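Here is a friendly walk through one model, written for someone who likes to see cut-offs next to the numbers. Have the viewer open as you read on.

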There are 2 protein chains.
Amino acid sequence: MTAQASFDPQAFRAALGTFTTGVTIITTRAEDGSPIGITANSFNSVSLNPPLVLWSLAKNARSLSAFSGNPHWNVHVLSAEQESMSGRFASQGGDKFAGVALDEGISDAPLLQDCTARFQCRTAFSYEGGDHVIFVGEVRAYDRTDLPPLVYQGGQYALAARKPRSEVRLAAPPPPECSYTEDLLGYLLGRAHYQTLYALRGMLGGDALDETSFFLLSVLCIRDNLTLDEINAFVGYTGIEATQLAMKALEDRCFVACEMASEGARYVLTAHGREASLRQIALAKALEEDIADKLGAGDAMALKLLLKRLVASTDPGLPDLWAPR
Amino acid sequence: MTAQASFDPQAFRAALGTFTTGVTIITTRAEDGSPIGITANSFNSVSLNPPLVLWSLAKNARSLSAFSGNPHWNVHVLSAEQESMSGRFASQGGDKFAGVALDEGISDAPLLQDCTARFQCRTAFSYEGGDHVIFVGEVRAYDRTDLPPLVYQGGQYALAARKPRSEVRLAAPPPPECSYTEDLLGYLLGRAHYQTLYALRGMLGGDALDETSFFLLSVLCIRDNLTLDEINAFVGYTGIEATQLAMKALEDRCFVACEMASEGARYVLTAHGREASLRQIALAKALEEDIADKLGAGDAMALKLLLKRLVASTDPGLPDLWAPR
């Protein structure tokens, strides 16, 4: 090797971190029989025939002797739900395997459960790799599930938003002079919102409420015994207004009762109103499952994560509907 | 190596494909001086000190002799915008470098532009890896941009939706008996839609329109000279209705003019209406840039991709607003 460049380790690591990876836990058993496991994202496939994979381990890792001494190790491609497992096996000390259920594998190496994929390997080669050792393993058995995989990019966990093989287009390409296109985030949010609401209305059939009633009932299902002002503090940003007339529509359907208190009218959900609202929620959940089936479970998780981040970053300071009182 | 397991190559490949990767193009120059480049996702980092990276190349690849003969090669971590480059360099034949602008590197290996990161390497080791050769390279120079990286998972391109280090929560955890939670997709879509609309209204100030006027004006900005029935075919799914009264509100502000034709009234946008709509679109784009800054450019792209996929999968058969006529 020629004289090495001297890089700022943090900047070099950050540049390397732009290469997206999955997250794996790699396990083996030490000579004394104790289970060993570490989180690694240096995994990759090498060869199909023979079936080989590789990963690299720091020469100063405490687990090096175990992996050098035992040819049997298992690679677990973690699912999106296993972020905490990743953190646990990335940290030093503590009994990482405490309370972790194991499956029976073809070797003595611990085999973790609920992963996206597992590869049971036997060291074929171990190679010099600077401050790391590169382990190349022959895959002797593998299995996989449909669980969406955990992703790692730029030092953060992530989920994948997959691109279909052909471009997703909703409409004909707009003429060049048209600056309002389907690529406008606001258009996509509005259309996604109204289309799902439209689908929900279709599922509710004759029980469907108009949008105002639907929103007011939803608020009261989470928190009731509210005055008009209190309701409006929750829904005002939507442009929908809780008026006496709007509440009257819900009272007429026996969903809501108005109770007079010293500070004025307060609205409470009736048992019938709660039932109607719960039915709406159940159908909304069924619709969501249907959408997750179409997009893929991981993509649906990614969508919800991104919507939450958007909502958090554009929150005008709404009161917390779910806050205990 | 012990006797190898015989796996169904397709199933084994699919299991390996659950491990998410970035996408790279790796380049070198053949002995005759011609540029060589291939798409690879078998890249990974190995060592910080010395700085080493690796990737593997099929032994039957036509580029093997070039990479074996020339120690200099460059790894380009592709950006989300470089999907077509990935496809071009993954295919056989044709002049992959035709029309591709190159930067000057420290070796003769071609250095591509507009990537997320680039590593200029020199072979340190090449190792046996079954049907592949593993190239380990010393990184002699590198650079990076802020362009969001392209992701590959399960045989599909993807974008990363990154998770902040601490969980994103919008509200207090709901009591266990409350089945309406912030995790409901419908809630998130509605809140995201109305919050962005609320922010847009704030930017428009006194020029803000009510929701009905806003939607009707937007439709007419994309396509005008429409009857009420035609407008309603486009907006009906939102629950908003184009009535004569609703159009009158736009006429009163001189945004829309009503023209009588043989088949009834048709509505056209006035110059003033077009100006107002274009101003809304410009502000909506500014708002979108602000959101993209907060989420990250790649995450914002991922959100739009997923919203488009959701809209496509829940489309009740809306007519195409942008269709040429």
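Between chain B and chain A there are 60 residue pairs in polar contact, with both residues at pLDDT 80 or more. A polar contact here is a pair of N or O atoms within 3.5 Å; within protein, one must be able to donate a hydrogen and the other to accept it, and residues adjacent in sequence count only if both atoms are side-chain atoms. On the side of chain B that touches chain A, the largest share, 14 residues, is supplied by helix 9 (residues 297-314) of chain B. By class, that side of chain B holds 77 nonpolar, 32 polar and 26 charged residues. In this scheme Ala, Val, Leu, Ile, Met, Phe, Trp, Tyr, Cys and Pro are nonpolar, Asp, Glu, Lys and Arg are charged, and the others, Gly among them, are polar.

A word on conventions: this is a predicted model, in which local features need pLDDT of at least 70 and side-chain atom pairs count only at pLDDT 80 or more, while totals for chains, interfaces and linings use all residues. Residues are numbered from 1 along each chain as its sequence is written, chains are lettered from A and ligands numbered from 1 in the order in which they are written, and side-chain values use heavy atoms, with hydrogens and water left out.

How many residues meet across the interface? Contact (heavy atoms within 4.5 Å) links 135 residues of chain B with 134 residues of chain A. The buried area is about 13400 Å², and carbon and sulfur atoms give 67% of that value; this is the accessible area (1.4 Å probe) that two parts lose on being put together, summed over both.

Salt bridges come next, each being a side-chain nitrogen of Lys or Arg within 4 Å of a carboxyl oxygen of Asp or Glu. Two of the pairs are listed here.

| Residue in chain B | Residue in chain A | Closest N and O atoms |
|---|---|---|
| B:Lys308 | A:Glu182 | 3.6 Å |
| B:Glu83 | A:Lys163 | 2.7 Å |

Why does the pair of B:Glu83 and A:Lys163 join two chains? B:Glu83 lies in helix 3 (residues 83-90) of chain B and A:Lys163 in the loop between strand 12 and helix 4 (185-204) of chain A, so the pair joins two chains. Helices (H or I, at least four residues) and strands (E, at least two) are DSSP runs, numbered from the N terminus.

Strands also cross between the chains. Strand 12 (residues 156-162) of chain A runs antiparallel to strand 12 (residues 156-162) of chain B, and five bridges join them; two strands pair if DSSP finds at least two bridges between them. Opposite A:Arg162 stands B:Ala158, in strand 12 of chain B.

Within chain A, strand 4 and strand 5 pair in the antiparallel sense over three bridges, and a hairpin joins them through four residues. A:Ser45 has A:Val53 in strand 5 as its bridge partner. The loop between strand 4 (44-47) and strand 5 (52-58) of chain A holds A:Pro50, and the peptide bond from A:Asn49 to A:Pro50 is cis, with omega near 5°. In chain B, the peptide bond from B:Asn49 to B:Pro50 is cis, with omega near 0°.
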